[in-house]
Amino acid sequence: MADLQDDLHTGTEAGGLGDLSEPLTAQAYPPEPYAPVSDPDDEPLTRAHAVLAAHPVADGYSGLPRALGRLPWYDLELGESGVDTDVPRLREGHVGALLWSLHLPETPENARGDRAVGATLEQLDLVKTVVRAHPEGLRLAYDAGQAIDARNCGRVAVLPGPAGAAALGDRLGILRSLHALGLRVLTLSGVSWAGDAGLTRFGEEVVREMNRLGVLADLSGASAGTVRRTFAVSKAPALCTRSGARALRPHPANLPDDLLVELGAAGGLCMVPLTAEQTGPTVRDVADHLDHVRTVAGPQSVGLSGTYDSGTAHPLELGDPSCYPRLIAELLRRGWDEADVALLTWGNFQRVLRGAAFTARAVQQRREPSTATIAELDG
């Protein structure tokens, strides 16, 4: 440091600023060209960071557990280049909570009873192991209050789910066991009792038992009949963890306008994915979906779903969770106010979590655990 100071002093004396005893003249020092203090285009991004600092992102879908299962070693708190998601990027993107998917690879063996049950249990165990290994950055949460506590402690709240309906093995006792182990979201598709024809009698009983436990129904990828019947049967709000607007992009997991209207009327939540396949290749395309869902379903029924580490391509400038401020900046340019952004990022997801917990407390006073079987109800 002393050598550096000597060098600077010597440089000054050598003529870096000339002879300081002589007056400075305009000819010797012409005025610098004017440069603005900040680029006007940066103002929405600066505002986006400020809004997200107060209202962080609740991300509806992360494939991180499966992605980590392919790595021999990782450190999410230091930073991990082998995946899209790590603690530094979550913090840079102002992510306060996210759902960790327990979905299984789509193979014939995983679609069958006990194999699906066991693989889902392994996924749940992995989620808990990963969170325990990163206590400075991550914390498990099972309800809205615990998610807020994690955020207030500077941690990212991790909620286990969604899992596929095949994980139940067509047995309600397994649903209760998975809930006791932490499962909070179940996707109602890919099983005989939640198919193209909608919910069977056993499927309706599954939804009622989910209400009693506080497990949210995920309807992304479900048939229109299943979506409508779930809205009719469920006393708790349902969500779509990764669905955009089919009017803008005809992907099968995106929702048509009539179902978006029904979802809004039922108090549900459509979490728009940040994927090139479902919502388009640019930030503006994703913002178009958010605008559309907010207009059709209502501002209280739209949320965000990064779908990072799920093996899908993402729009330009939205390659990992650190990029959320860029999306929020685009919405601010379009005239979204802070109140609507706060609902989008955090408030709507909190409302759905609280709705599930409130419903569970009410239903538990009137209903005992169901002992119904699929053979009794569906034959």
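**Note on the predicted model: cavity, salt bridges and backbone**

1. **Cavity lining by element.** Helix α8 (201-213) and strand β9 (216-218) each give at least two residues to the lining of the largest cavity. The largest share comes from α8, with three residues. The model is predicted. Keep that in mind for every value below.

2. **Cavity size and make-up.** The structure has one cavity of 30 Å³ or more. The volume of the largest cavity is about 40 Å³. Its lining consists of V207, M210, N211, V215, L216, A217, S234, A236 and P237. Seven of the lining residues are nonpolar and two are polar. None is charged.

3. **Confidence.** The mean pLDDT of the protein is 90. A pLDDT of 70 or more is reached by 87% of the residues. Residues 1-39 are another matter: over this stretch the pLDDT is below 50. In the model, residues 1-39 make six contacts beyond near neighbours in sequence.

4. **Salt bridge E204-R229.** The structure has 19 salt bridges. One of them joins the side chains of E204 and R229, at 2.7 Å from N to O. What does this pair tie together? E204 sits in helix α8 and R229 in helix α9 (residues 224-233), so the bridge ties together parts that are 25 residues apart in sequence. The two partners also fall into separate burial classes. E204 has 14% relative accessibility and counts as buried, because that value is under the 20% cut-off. R229 has 36% and counts as partly exposed, because the value lies between 20% and 50%.

5. **Salt bridge E205-R367.** E205 pairs with R367 in a salt bridge, and their closest N and O atoms are 2.7 Å apart. E205 lies in helix α8, while R367 lies in the loop between α14 (338-364) and α15 (374-378), so the pair ties together parts that are 162 residues apart in sequence. Is E205 buried or exposed? With a relative accessible area of 13%, E205 is buried. R367 is partly exposed, at 22%.

6. **Salt bridge D340-R294.** The side chains of D340 and R294 form a salt bridge, at 2.6 Å from N to O. This pair links distant parts of the chain, with D340 in helix α14 and R294 in helix α12 (residues 283-297). The two residues are 46 residues apart. R294 has a relative accessible area of 21%, so it is classed as partly exposed.

7. **Packing at P325.** P325 belongs to helix α13 (residues 324-333). Its relative accessible area is 2%, so P325 is buried. The C-alpha atoms of P325 and A48 are 5.4 Å apart, although 277 residues separate the two along the chain. Which residues does P325 contact, leaving aside neighbours within four places in sequence? The list is L45, A48, H49, L52, E92, G93 and H94.

8. **Cis peptide bond.** Most peptide bonds are trans. The bond from G161 to P162 is cis, with omega near 5°. P162 lies in the loop between β4 (156-160) and β5 (163-164).

9. **Positive phi at D170.** Most residues other than glycine have a negative phi. D170 is not a glycine, yet its phi is positive, at about 60°. D170 occupies the loop between β5 and α7 (172-180). At 30% relative accessibility, D170 is partly exposed.

10. **Positive phi at T307.** T307 is not a glycine either, and its phi is positive at about 50°. T307 is in the loop between β12 (302-305) and α13. Is T307 buried or exposed? T307 is buried, with a relative accessible area of 3%.

Definitions and conventions. Residues numbered from 1 in each chain as written. Predicted model: local features only at pLDDT ≥ 70, side-chain atom pairs only at ≥ 80, totals over all residues. Heavy atoms only, no water. 1 Å grid on protein atoms, 1.4 Å probe; cavity = no way out; pocket = protein on both sides within 12 Å on 5 of 7 lines; lining within 4 Å. Points joined across faces, edges and corners; volume = space filled by probe spheres on them. Helix = DSSP H or I, 4+ residues; strand = E, 2+ residues; numbered from the N terminus. Nonpolar A, V, L, I, M, F, W, Y, C, P; charged D, E, K, R; others polar. Salt bridge = Lys/Arg side-chain N within 4 Å of Asp/Glu carboxyl O. Buried < 20%, exposed > 50% of the residue type's maximum accessible area, 1.4 Å probe, protein only. Contact = heavy atoms within 4.5 Å. pLDDT = per-residue confidence, 0-100.
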